[in-house]
Amino acid sequence: MKILGISAYYHDSAAAVVVDGDIIAAAQEERFSRKKNDASFPVKAISFCLQQARLNIDDLDAVVFYDKPFLKFERLLETYMHYAPRGLFSFVKAMPVWINEKLVIKKQIRSGLKQVQSYQSKKLKLLFTDHHLAHAASAFFASPFEKAAIVTLDGVGEWATASIGIGDGNKINNLLELHFPHSIGLLYSSFTYFLGFRVNSGEYKLMGLAPYGNPESASTTDFIQKITSELVTIMDDGSIKLNMKYFSFPTALKMIPESRWERLFRVKRLKADEVATQEHCNLAFAIQKVTEDIVLKIVQHAFKLTQCENLCLAGGVALNCVANGKVLKSKIFKSLFIQPAAGDAGGALGAALAAEFMYFDANRKIDSSKDSMHGTYLGPSVNADDIPALEREFKATSTAFESFDEINSLVAEMLEQGKVVGWVQDRMEFGPRALGNRSILADARNTEMQKKLNLKIKYREGFRPFAPSIAEEAVSDYFEIDISSPYMLLIAALNRKFRVEYPNNYNSLDLWQKLYLKRAEFQPITHVDYSARLHTVSKSTNPKFWELLQAVKTKSGHPMLVNTSFNVRGEPIVCTARDAFLCFMNTEMDALVIDRFVFVKEQQPRFEDRGYWKQEFGRD
């Protein structure tokens, strides 16, 4: 079977191609359009996926959309009717969009495909899958498990906001669903909004802010009590019920009634780019703790229902690495697989996989030793052929190396000197994490590197932590974990021998005092709670990046680097060599490696007018 999966129109549009059960290509539209979280029909992503698979639209057995818009429309209508006359303005604004676009989804998809290439419209088989089934399929059918429990958690699909199911062979059986408006994802997003971050893209910032909260503070205890008594009722099975008096999202154009939250918590809502107070940090800690408790209850209930030893996770909440780490540490399940593109982008892949195995009844080829994501290196490639055009357009200067041993030795030396290096190789990652093919790299031992990267390279909030990339076989030498974390979706604590003990007055310090306090031998990759968002690198999955880590080990004694995504605030991760060069020139990165070519900043032509670069690679 040759199947194209599509997600679009809500946020983070994407496309994926599956051929005879093998994932050939997958990519988000934002990487091509350069619009963060682009929700438009993924014309460019589809074009890439078909080209990578060497297929035309007429070659496809099916095109599958990751959602059922009529069910969403039903939910929209029923919600407005339930809350009427509240939300009239929102209803009037939403209706034209639904009537003109989303209710004619078949026409929209067919029209969008014509922008990709001409095809025989009558021949096209167009299928639709439930939103949460697409999430479940993206995790289970890509996993190395013959049988597994499946938990999906996000904001909302059609009606479902969470589900528990069981996967067995080429089938998924949905057991339980939690329905809108009662949603773990929307609860967390409401706090994302209240703490000054953008909904659907700033949740990971909230997760990063939470460790600055003081767990011993009376206000933190009070916040947790108010959340669990006023905002949400949590059952033993993890199901929840929101107190809708405190939420506006069903009928309004904003998440919450701000003044009511401010009265409840006695804290002012943060606006974008305002500095968080300790009370804001405590509130972030509180909702993160409540979310972890809910997730653990759901996972425990999933085990009780399925009695499986394996668990698959997907949906936007599955990108909460801290909660994932708690699930792993709980040992409720023997094995865990989290879809690396757990959000809506992964729905495109899940839709294609669901059609392959459940609609066409194909047999799965399972390798119990590895998943079928190919390291999630499923996007476009860069190679030596991209460099001449780049050098002509920008009069750029590079040095070509015959061997990667030479490059690795040079880059290890640069990193040892405290320099920051952009690293672009082979196929781009699918999902929100850069895993060594579209990465910015730095020395994990450099005490000042977290500040430098945030303020001079990424142009983002200074409190944000960075992830370590570490050779897979060495991970237990540095962190309290005994399994790999290839997709940067698990948190683990740094081993105690590398920590610096905090002073007795630590909890009384403010955010910035905590941030710049010496806490570990590997300061930039260690969060203030001694945790790290791990990326383990396998020699078999990414040999180039693994070899670089060996060169770093030769130089520093440690096969570990700071790894952050190759982008600046407000921009998607770079896709092409041109994207990478523009980002490189618009930041204070010192060097850029694309394939076997090395660009050194000081060797590039100087531009007196920086406005050109800002136009090409703007920041929000």
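Begin by selecting Lys555, which is partly exposed, with a relative accessible area of 42%; here buried means under 20% relative accessible area, exposed means over 50%, and partly exposed lies in between, as calculated with a 1.4 Å probe on protein chains only. What you have open is a predicted model, in which local features need pLDDT of at least 70 and side-chain atom pairs count only at pLDDT 80 or more, while totals for chains, interfaces and linings use all residues. Residues are numbered from 1 along each chain as its sequence is written, and side-chain values use heavy atoms, with hydrogens and water left out.

## Salt bridges

Helices and strands are DSSP runs numbered from the N terminus, a helix being H or I over at least four residues and a strand being E over at least two. Glu413 is partly exposed, at a relative accessible area of 29%.

Next, select Lys544 and Asp426, whose side chains meet in a salt bridge with an N to O distance of 3.1 Å. Lys544 belongs to helix α19 and Asp426 to strand β16 (residues 426-429), so this pair ties together parts that are 118 residues apart in sequence. Lys544 is partly exposed at 21% relative accessibility, and Asp426 is partly exposed as well, with a relative accessible area of 29%.

Move on to Glu292 and Lys326, a salt bridge with its closest N and O atoms 2.7 Å apart. Glu292 sits in helix α11 (residues 278-306) and Lys326 in helix α12 (residues 321-330), so that the pair links distant parts of the chain, 34 residues apart. Glu292 is buried, with a relative accessible area of 6%, whereas Lys326 counts as partly exposed at 34%.

Then display Lys205, Glu461, Arg464 and Arg569 together, for they are linked in a network of salt bridges. Across the whole structure, a search finds 20 salt bridges.

## Helix pairs

Two packed helices are described by the angle between their axes and the distance between the axes. Axes are lines fitted to C-alpha atoms, for helices over the stretch in contact, and angles run from 0 to 180 degrees between N-to-C directions.

Select helix α6 (residues 131-140) and helix α13 (residues 344-359), which pack at an angle of about 80° with their axes 7 Å apart. The two helices are therefore roughly perpendicular to each other; angles of 65 to 115 degrees count as roughly perpendicular, those under 35 as roughly parallel, those over 145 as roughly antiparallel and the rest as oblique. Among the residues that meet here are His131, Leu133 and Ala134 of α6 and Gly346, Gly347 and Gly350 of α13, where contact means heavy atoms within 4.5 Å.

For the second pair, select helix α14 (residues 387-394) and helix α20 (residues 577-585), which pack at an angle of about 40° with their axes 10 Å apart. Leu390, Glu393 and Phe394 of α14 make the contact with Ala577, Arg578, Phe581 and Leu582 of α20. These helices are therefore oblique to each other.

## Buried loop residues

Now centre on Leu195, in the loop between α7 (184-194) and α8 (203-209). Leu195 is buried, with a relative accessible area of 1%, and, not counting residues up to four places away in sequence, it touches Leu206, Leu270, His280, Leu283 and Ala284. The C-alpha atoms of Leu195 and Ala284 are separated by 7.7 Å, although the residues are 89 apart along the chain.

From there, go to Asp38, in the loop between α1 (30-33) and α2 (43-53). Leaving aside neighbours within four places in sequence, Asp38 is in contact with His11, Asp12, Ser13, Glu29, Glu30 and Ser33.

## Backbone stops

Most residues other than glycine have a negative phi, and most peptide bonds are trans. Select Arg34, in the loop between α1 and α2, where phi is near 65°, a positive value in a residue other than glycine. Tyr459, in the loop between α16 (449-457) and β18 (467-471), likewise has a positive phi, near 55°. Finish at Phe180 and Pro181, joined by a cis peptide bond with omega of about 10°; Pro181 lies in the loop between β8 (171-179) and α7.

Methods
Salt bridge = Lys/Arg side-chain N within 4 Å of Asp/Glu carboxyl O.
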